[in-house]
Amino acid sequence: MPDELSNMPRAAIAACLLLAACASPTIHGQDETQVSSPGRAECSGPNAQEIALGVSATNSARAQAGLSPVRANARLARAAAQQACDMAQRGLMTHAGSHSSGPAQRVKALGYAPRITAENIAAGPYDIHRVLQEWNGSGGHLANILIPQVRDFGIGHAIGPDGRTHFWSAVYAAPSGG
């Protein structure tokens, strides 16, 4: 836990930043947190700057662990952006999508044949720098980042109906046969 958070009550920390990591499909209804009211969200497609920052932060953590770097993947970025948007529209931080049980199903629907998938998600009033810092400093999230087989990466972002809550999804994967 970052030093500036170590003196805060646990409830305050939970209210500040909500994060979740998933290395396998999640059953709808589990590991869900309502963080804002549902409604019209601000959704965009994959953002090149966010993808570049995400790849850089991911590769920095992987290099420190002696692992090979990941590369940006457009399909994974699209899957992550769609999940971020779906979460924002529902005001719900969850690995389960409105029409999917988890990241593997979503990337397959976009034509990526995964051997392995993992997903990190977050919701709160945070920019990409803070989210990447938190993922790299959190055991469960870092475990996804450091899966040795992972080769590809995508990140997505949306803003909830309240205009303040940012929803993030990062997908880590390796193609089958690769």
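Strand 8 is mostly covered, with nine of its 10 residues buried, where buried stands for under 20% relative accessible area, exposed for over 50% and partly exposed for the range in between, computed with a 1.4 Å probe on protein chains only. Strands here are DSSP runs of E with at least two residues, helices are runs of H or I with at least four, and both are numbered from the N terminus. The model is predicted, so that local features need a pLDDT of at least 70 and side-chain atom pairs count only at pLDDT 80 or more, while totals for chains, interfaces and linings use all residues. Residues are numbered from 1 along each chain as its sequence is written, and side-chain values use heavy atoms, with hydrogens and water left out.

**Strand pairing around strand 8**

Strand 6 and strand 8 run antiparallel and are joined by 10 bridges; two strands are taken to pair if DSSP finds at least two bridges between them. Within this pairing, A122 stands opposite W168 of strand 8, and A123 has F167 as its bridge partner in strand 8. Strand 6 is itself mostly covered, since nine of its 11 residues are buried.

Strand 7 also runs antiparallel to strand 8, and eight bridges join the two. Strand 7 and strand 8 form a hairpin with six residues between them, and in the turn G163 has a positive phi of about 80 degrees. In a regular strand the side chains alternate between the two faces of the sheet.

**Nonpolar cores and the aromatic pair**

The largest nonpolar core has 21 residues, and those with the most contacts inside it are W135, F153, I155, W168 and Y172. Such a core is a set of buried Ala, Val, Leu, Ile, Met, Phe, Trp, Tyr and Cys residues joined through side-chain atoms within 4.5 Å. Helix 2 (48-64), strand 6 (114-124), helix 5 (128-137), strand 7 (152-159) and strand 8 (166-175) each supply at least two residues of this core. A second, separate core of 10 residues includes A84, M87, A88 and A158.

A search of the whole structure finds one aromatic pair. The rings of F153 and Y172 have their centres 5.4 Å apart and their planes at 50 degrees, so the pair is tilted; rings of Phe, Tyr and Trp (its six-membered ring) pair if their centres lie within 6.5 Å, with planes under 30 degrees apart counted as stacked, over 60 as edge-to-face and the rest as tilted. This pair links distant parts of the chain, as F153 lies in strand 7 and Y172 in strand 8, 19 residues apart.

**The disulfide**

The structure holds one disulfide, which joins C43 to C85 with an S to S distance of 2.0 Å; the criterion is a pair of cysteine sulfur atoms within 2.5 Å. The torsion about the S-S bond of C43 and C85 is about 85 degrees, so the disulfide is right-handed. C43 lies in strand 3 (residues 42-43) and C85 in helix 3 (residues 74-90), so the pair ties together parts that are 42 residues apart in sequence.

**Accessibility of individual residues**

| Residue | Relative accessibility | Class |
|---|---|---|
| F153 | 0% | buried |
| Y172 | 1% | buried |
| C85 | 14% | buried |
| C43 | 32% | partly exposed |
| A118 | 0% | buried |
| Q64 | 72% | exposed |

Q64 is found in helix 2; Q64 and L146 are 82 residues apart in sequence, while their C-alpha atoms are 9.9 Å apart in space.

**The protein as a whole**

The protein has six helices and eight strands, and read along the sequence they follow the pattern α-β-β-β-α-β-α-β-α-β-α-α-β-β. Of its 178 residues, 48% are buried. Among contacts (heavy atoms within 4.5 Å) between residues at least 6 apart in sequence, 74% join residues at least 24 apart. The accessible surface comes to about 8300 Å², of which 52% belongs to carbon and sulfur atoms; these areas come from the Shrake-Rupley method with a 1.4 Å probe, and for residues only the protein chains shown count as cover.
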